[in-house]
Amino acid sequence: MSTPAKVIRLDRDPRAGANGEIYVRSDASHLPFADRVFSAVISNHSLEHFDDLDGSLREIGRVIKPDGALFVSVPDSSTLTDHLYRWLSRGGGHVNAFTSSKALADKIEAETGLRHAASRTLCSSLCFLNRYNSPKPRPHRLLLLGGGFELSLLLYVLLSRRIDALLHLRTSIYGWALYFGKIPEMPDTEVYSNVCVRCGSGSPASVLRATFLRRILWLRLYQCPSCGALNPFLDRGSAVTLPYTNKPMVTI
Ligand SMILES: [Zn+2]
């Protein structure tokens, strides 16, 4: 994470601190912090793994400042993406299944005391299948899902968006991002269709079109601003900003 903010990472099995980051070993349901000390809490693809979900949410509500902000992202357990993930990794540690962003937002509001400010739908690139990201040795089941080659993921991105547009399905959906508390600047809630097949970063079409677009024969590709991988360009989406600077944050 590149930010001037002071960031504390929390995990039950943290890696050695790198790049000056602070890692804390703890369970999310028993945070080793005083009350109301963090300006922001980021729970990125985490809640689906928490054994004590309600207790963890109450702890988040305890450590965050009254004027703080909370970001949560989770998979929609009813989607093709989450089914594939759990099948490939034999559960993948997902112990909580979310099928309604409204129900989850209501629960988070009730447990943390933070007001729900905004939601956005997240698209998938199946980047967890990418050979760069899959665990070693690679699961045999990966062979049945295209082998994790970026060309097969690229085809998934193209086909899933087209199928969803034509048949009103949700094969391209991953889950949701939810925003709570006092958000300094309201996030854009438009769906980003352009999601990198290697790092999973979503990008607004307007930014990609202006700077990162490449043309190879009849194909429109973009180079991911985060990792440099080539992806198919889909002409949809817009920008989002979350300007946190010089404020203590915790990522769980
Ligand atoms: Zn990328």
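Visitor: In which helix is the place of R62?
Guide: This is a predicted model, where local features need pLDDT of at least 70, side-chain atom pairs count only at pLDDT 80 or more, and totals for chains, interfaces and linings use all residues. Residues are numbered from 1 along each chain as its sequence is written, and side-chain values use heavy atoms, with hydrogens and water left out. Helices (H or I, at least four residues) and strands (E, at least two) are DSSP runs, numbered from the N terminus. On that count, R62 belongs to residues 53–63, which form helix α1.

Visitor: Which residues does R62 touch, not counting residues up to four places away in sequence?
Guide: Contact here means heavy atoms within 4.5 Å. With the sequence neighbours set aside in that way, the residues that R62 touches are L31, F33, A34, D35 and R36.

Visitor: With which side chain does the side chain of R62 make a polar contact?
Guide: A polar contact is a pair of N or O atoms within 3.5 Å; within protein, one must be able to donate a hydrogen and the other to accept it, and residues adjacent in sequence count only if both atoms are side-chain atoms. For R62 the contact is at 2.7 Å, and the partner is the side chain of D35.

Visitor: Why are R62 and E59 separated by about one helical turn?
Guide: The side chains of these two residues meet in a salt bridge, 2.8 Å from N to O; the term stands for a side-chain nitrogen of Lys or Arg within 4 Å of a carboxyl oxygen of Asp or Glu. E59 counts as buried because its relative accessibility is 14%. R62 and E59 are about one helical turn apart because their spacing is three residues in helix α1.

Visitor: How many salt bridges does the rule count?
Guide: One of them joins D54 and K107, with 2.8 Å from N to O. R12, D27 and D51 are linked in a network of salt bridges. By this rule the count comes to eleven.

Visitor: How many residues apart are D54 and K107?
Guide: D54 lies in helix α1 and K107 in helix α3 (residues 101–112). D54 is partly exposed, because its relative accessibility is 27%, and K107 is partly exposed too, because its relative accessible area is 29%. The pair links distant parts of the chain, and the spacing in residues is 53.

Visitor: Which helix holds both K102 and D106?
Guide: Their side chains meet in a salt bridge of 2.8 Å, N to O. K102 has a relative accessible area of 55%, so it is exposed, while D106 has 36% and therefore counts as partly exposed. The two residues are four apart, about one turn of the helix, and both lie in helix α3.

Visitor: Which side chains make polar contacts with the side chain of S29?
Guide: S29 is in the loop between β2 (22–25) and β3 (38–44). S29 counts as buried because its relative accessibility is 11%. Its side chain is joined by a polar contact of 2.6 Å to that of D27, and by one of 3.1 Å to that of H30.

Visitor: How far apart do the C-alpha centres of domain 1 and domain 2 lie?
Guide: The domain bounds come from an automatic or database domain assignment. It gives domain 1 as 1–123 + 175–186 + 240–252 and domain 2 as 125–171 + 192–236. The distance between their C-alpha centres is 25 Å.

Visitor: How much area do domain 1 and domain 2 bury between them?
Guide: Buried area is the accessible area (1.4 Å probe) that two parts lose on being put together, summed over both. Of the area between these domains, 63% is on carbon and sulfur atoms. The total is about 1400 Å².

Visitor: Which residues in domain 1 lose the most area to domain 2?
Guide: Three residues together make up 45% of what the domain 1 side buries. They are W87, L88 and C123.

Visitor: With which residue does D76 form a salt bridge?
Guide: The rule finds one salt bridge across the interface of domain 1 and domain 2. For D76, the closest N and O atoms are 2.8 Å apart, and the partner is R170.

Note on methods: Buried < 20%, exposed > 50% of the residue type's maximum accessible area, 1.4 Å probe, protein only.
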